[in-house]
Amino acid sequence: MPSKIKLAILIFILLFFCPAHTIYALEIPPQPANPVVDLANIIDAGVETKINTYLRELENKTTAQVAVLTIKSLEGQNLEEFSISIAHDRWKLGLKDRDNGALLVIALNDRKYRIEVGYGLEGVLPDSLVGDIGRQYLVPNFRKGDYSSGIYSAAVVISNIIASDAGVKITGLPMVKKRTPE
């Protein structure tokens, strides 16, 4: 069989039988240098610097690792599976014996977000509280196109909760007022 025909058959098989995310895999860094990885370019540089500073100090004082990942699109992947894969398998957030990591993922074009919390932080950040954080800080700001403020507020609230539970203070970390429903 000529090589051009073999190539055409292979391309046909890949296009019609492989899920899109296996062909167009998202390029997520294996171990990020900073807690904030803004691949969608939606966080202002100054805000990103502040969040990185707070999250590094939070880790130093509590061992809890919190990260933020923004992407343009999930490219057909399931958000829950994607966030678990990044938080637990790829970045291995939190200490191995404590599983005290959390990941905030924003998929811009899909208009989705998720806060993935490791088992070690579930008592501090239960699903109901994480849901409230998303509804109170992410959604209203995202609707206005103000991604930086939404992500910043959510990161600050999460940091305050973890720091308070551990009995520590994060330098310069502001308190965020609870939003009232609009």
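**Reading the sheet, the helices and the cores**

Mentor: The model is a predicted one. Its open sheet has four strands in the order S1-S2-S3-S4, and the pairing is mixed. Strand S1 (36–38) and strand S4 (112–117) are the edge strands, each pairing on one side only. From one strand to the next, the twist averages 5°.

Trainee: Which strands run parallel, and how many bridges join S1 to S2?

Mentor: In general, the strands of a sheet pair through backbone hydrogen bonds, in either a parallel or an antiparallel sense. Here S1 and S2 run parallel and are joined by three bridges. S2 and S3 also run parallel, with seven bridges between them. S3 (residues 101–107) pairs with S4 in the antiparallel sense, over six bridges.

Trainee: Which residues may I use to follow the pairing across the strands?

Mentor: Begin with Val37, whose bridge partner in S2 is Leu69. Leu69 in turn has Val105 as its bridge partner in S3.

Trainee: How many residues of S2 are buried?

Mentor: Six of the seven residues of S2 are buried, and the strand is mostly covered.

Trainee: Which strands does helix H4 lie across, and at what angle does H4 run to S4?

Mentor: Helix H4 (residues 79–90) lies across strand S2 (65–71), S3 and S4, and runs at about 45° to S4. Helix H5 (residues 127–143) lies across S3 and S4, running at about 150° to S4.

Trainee: How should I read the length and course of H5?

Mentor: Set its span beside the expected one. H5 has 17 residues and reaches 22 Å from its first C-alpha to its last, close to the 24 Å expected at 1.5 Å a residue. The helix bends by about 30° at Arg135. After H5 comes Gly145, with a positive phi near 80°.

Trainee: Which residues of H5 are buried, and what do they pack against?

Mentor: The general idea is that an α-helix has 3.6 residues a turn, so residues three or four places apart point the same way. In H5 the buried residues include Val130, Ile133, Gly134, Tyr137, Leu138 and Asn141. The buried residues of this helix pack against S3, S4 and helix H6 (147–166).

Trainee: How many residues has the largest nonpolar core, and which have the most contacts inside it?

Mentor: The largest nonpolar core has 37 residues, and Ile51, Val68, Leu104, Leu125, Ile151 and Ile162 have the most contacts inside it. Helix H3 (45–62), S2, S3, S4, H5 and H6 are the elements that give two or more residues to this core. H6 gives the most, with nine residues. Apart from this core lies another, of 16 residues, among them Ala67, Ile86, Trp91 and Ala107.

Trainee: What does Ile51 touch?

Mentor: Leaving aside residues up to four places away in sequence, Ile51 touches Val36, Val68, Ile151, Tyr152 and Ala155.

Trainee: Where does Ala163 lie, and why does Ala163 count as buried or exposed?

Mentor: Ala163 lies in helix H6. Ala163 has a relative accessible area of 3%, and is therefore buried, the cut-off for buried being under 20%. With residues up to four places away in sequence not counted, Ala163 touches Leu58, Val168 and Ile170.

Trainee: How should I read a positive phi in a residue other than glycine?

Mentor: The general idea is that most residues other than glycine have a negative phi. Thr63, which is not a glycine, has a positive phi of about 75°. Thr63 lies in the loop between H3 and S2. Glu75, also a residue other than glycine, has a positive phi near 50°. Glu75 lies in the loop between S2 and H4.

Notes:
Residues numbered from 1 in each chain as written. Predicted model: local features only at pLDDT ≥ 70, side-chain atom pairs only at ≥ 80, totals over all residues. Heavy atoms only, no water. Pairing = 2+ DSSP bridges. Axes fitted to C-alpha atoms, helices over the stretch in contact; angles between N-to-C directions. Contact = heavy atoms within 4.5 Å. Expected span 1.5 Å × (residues − 1). Bend = angle between axes of the 7 residues up to and from the residue. Buried < 20%, exposed > 50% of the residue type's maximum accessible area, 1.4 Å probe, protein only. Core = buried A, V, L, I, M, F, W, Y, C linked by side-chain atoms within 4.5 Å.
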